[in-house]
Amino acid sequence: MGGAYANYVVGVLSIVYVFNFIDRNIISILAQDIKADLGLTDSQLGFLYGTAFAVFYAVFGIPLGRLADVWVRKNLIAIGLAFWSLMTALSGLARSFAALGAYRIGVGVGESSATPAAFSMLGDWFPPRLRATALALYSSGVYVGAGLGILLGGWVVDGWNELYPQNPPLGLAGWHIAFFVVGLPGLLMAFWVWSLREPLRGMSEGLPEAAPHPHPFREFAAELTAVLPPLTVFSLARRGGASAAAINLAMAAGLVVVSAGLIELLGDPEQWVALAIGVYSAASWIQGLRLRDRAAFEMIFRSRAMLLLCTGYASFAFVTYGFSFWAPSFFELVHGKSKSEIGTMLGLGAALGGLIGVNLGGWLSDRMKQHLRNARLWVGCIALALTLPAGLGLLLTQNLALAYVLFFVFSVVSPLWLGSAASAVNELVMPRMRALASAFYLLLVTFIGLALGPYTMGSISDTLHTAGAGEGEALRSAMLASFAIFLPAAALLALATRYLPSEEANRLARARSAGESV
């Protein structure tokens with residue numbers, strides 16, 4: 001495995017991930033215009049960027065991850081790309097918070113198809129010794145796409161507003177046009193992805209799949225009913241009887257009580273209702289997976305290393321997702337710069353810095369792995385140690401040029417962990433479980449990082465602004481407060497070092513003991 005065609009595949013899939021994050025992240029540079037046009041709060045902006053997208057991205061990522069384990073992965077990625085690109089373009093027609101929220105949900109559903117399938121596909125194109133590098137190259141699309149989204153959004157909005165300062169055609173504001181510009185090209189890209197060759201599952205590790213799954217969409221439907229309320233209850237009752245259904249209903253009731261309490265305490269009902277739905281769906285899936293696929297359940301959820309490293313890296317993502325969304329607003333409100341300047345400086349900084357950082361992290365992880373059994377975790381600790389001073393300096397300096405430089409440094413060091421995390425998840429499970437394990441990893445990253453990071457910063461900012469702080473200072477303080485999560489993140493990664501080497505070395509034995517035929 002590996003070679004020229006494998007490199008071509010990772011290149012094409014990296015472009016898909018660029019499209020993924022352009023469409024996901026463009027809303028960050030548009031935030032203040034959307035806020036003014038639709039009369040939104042910072043909490044609602046955080047919800048639109050984070051929770052509305054994240055919950056449905058995570059929930060649908062589970063059945064689509066299962067489909068990736070049993071169907072043609074490149075076809076799944078192509079269909080998902082076409083769907084989320086259409087939803088992004090339709091966001092340019094939104095005239096209300098509810099409409100924009102509905103389109104963001106659609107983007108989340110479509111984008112959930114890509115990464116579990118791509119992780120699995122690349123795991124079969126590249127052997128273990130090259131895997132972190134390949135996955136890091138793919139993951140670089142996060143930062144290239146995020147940077148291009150900011151860059152394009154800033155240029156389009158300022159260009160459109162300069163061209164039509166009053167009475168734009170059809171009442172379309174610059175932010176509407178920006179959604180059209182970035183959404184429509186993905187429809188063409190989907191045909192390119194469809195043309196890729198599908199690798200033989202498991203070949204890179206000498207464990208080739210005996211035959212394609214005979215009923216892939218039956219498996220998808222079973223997984224979908226396991227996460228989609230209220231079908232979850234019926235699915236569990238059919239497989240586990242009345243006791244399983246009763247446990248599930250009790251869990252649902254508990255989440256209703258908790259979400260009602262959070263709404264009473266903090267407001268923002270859309271945030272807590274959506275998050276409760278997502279947590280319920282995820283918990284139902286885990287409950288059902290134990291009944292449907294005991295071996296996969298044991299390999300994922302009985303692995304202490306898996307649970308610790310996934311939670312630790314997801315906590316890191318709380319900060320990185322929050323910064324990804326709020327950085328353009330921070331420079332606009334605190335430093336008073338135009339969208340086109342911010343888009344250029346932050347877009348290029350995020351794209352170039354992220355590209356360097358994520359690939360450097362993957363290369364470093366693979367090199368260190370040759371000598372250190374816990375290399376996948378130590379790279380994450382290095383990233384934490386370097387990200388903290390870069391982020392604090394960025395927020396606290398009054399010098400604009402230095403702030404831009406520190407943003408670039410932040411963009412280099414904060415993604416060092418991405419390739420390591422994806423590789424560690426892959427290396428703890430059997431080949432047929434890779435996409436499913438990746439879906440669980442992305443679920444945690446999405447819930448903790450994307451659903452809570454941007455929203456929490458926005459909520460703190462709203463609270464401080466209501467108390468009398470200026471908009472810029474309120475946002476600065478909210479972003480500073482987010483770094484408190486680095487302490488538990490570091491502790492989780494350090495604790496994972498106790499378990500990762502043995503669980504990785506004993507993977508086949510763990511699989512056999514869980515009932516897997518190896």
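Trainee: Is Trp 160 buried or exposed in this predicted model?

Mentor: Look at the relative accessible area: buried means under 20%. Trp 160 has 17%, so Trp 160 is buried.

Trainee: And how does Tyr 164 count?

Mentor: Tyr 164 counts as partly exposed, with 32% relative accessibility.

Trainee: How should I read the geometry between the rings of Trp 160 and Tyr 164?

Mentor: Start with the centres, which must lie within 6.5 Å for a pair, then turn to the planes: under 30 degrees is stacked, over 60 is edge-to-face and the rest is tilted. Here the centres are 4.7 Å apart and the planes stand at 50°, so Trp 160 and Tyr 164 make a tilted pair.

Trainee: How many aromatic pairs does this rule give?

Mentor: The count is 25 aromatic pairs.

Trainee: Where do Tyr 17 and Phe 21 sit?

Mentor: Both belong to helix α1, residues 4–25, and because they are 4 residues apart, about one helical turn separates them. Tyr 17 is buried at 6% relative accessible area, and Phe 21 is buried too, at 3%.

Trainee: Which residues form an aromatic cluster?

Mentor: One cluster is made up of Tyr 313, Phe 316, Phe 323, Phe 410, Trp 417, Phe 483 and Phe 486.

Trainee: What lies over the rings of Tyr 5 and Tyr 57?

Mentor: For a charge over a ring, check the distance to the ring centre, within 6 Å, and the angle to the ring normal, within 35 degrees. Arg 197 places its charged end over Tyr 5, 3.8 Å from the ring centre. Over the face of Tyr 57 you will find Arg 24, at 4.9 Å from the ring centre.

Key: Residues numbered from 1 in each chain as written. Predicted model: local features only at pLDDT ≥ 70, side-chain atom pairs only at ≥ 80, totals over all residues. Heavy atoms only, no water. Phe/Tyr/Trp six-rings, centres within 6.5 Å; stacked < 30°, edge-to-face > 60°. Helix = DSSP H or I, 4+ residues; strand = E, 2+ residues; numbered from the N terminus. Buried < 20%, exposed > 50% of the residue type's maximum accessible area, 1.4 Å probe, protein only.
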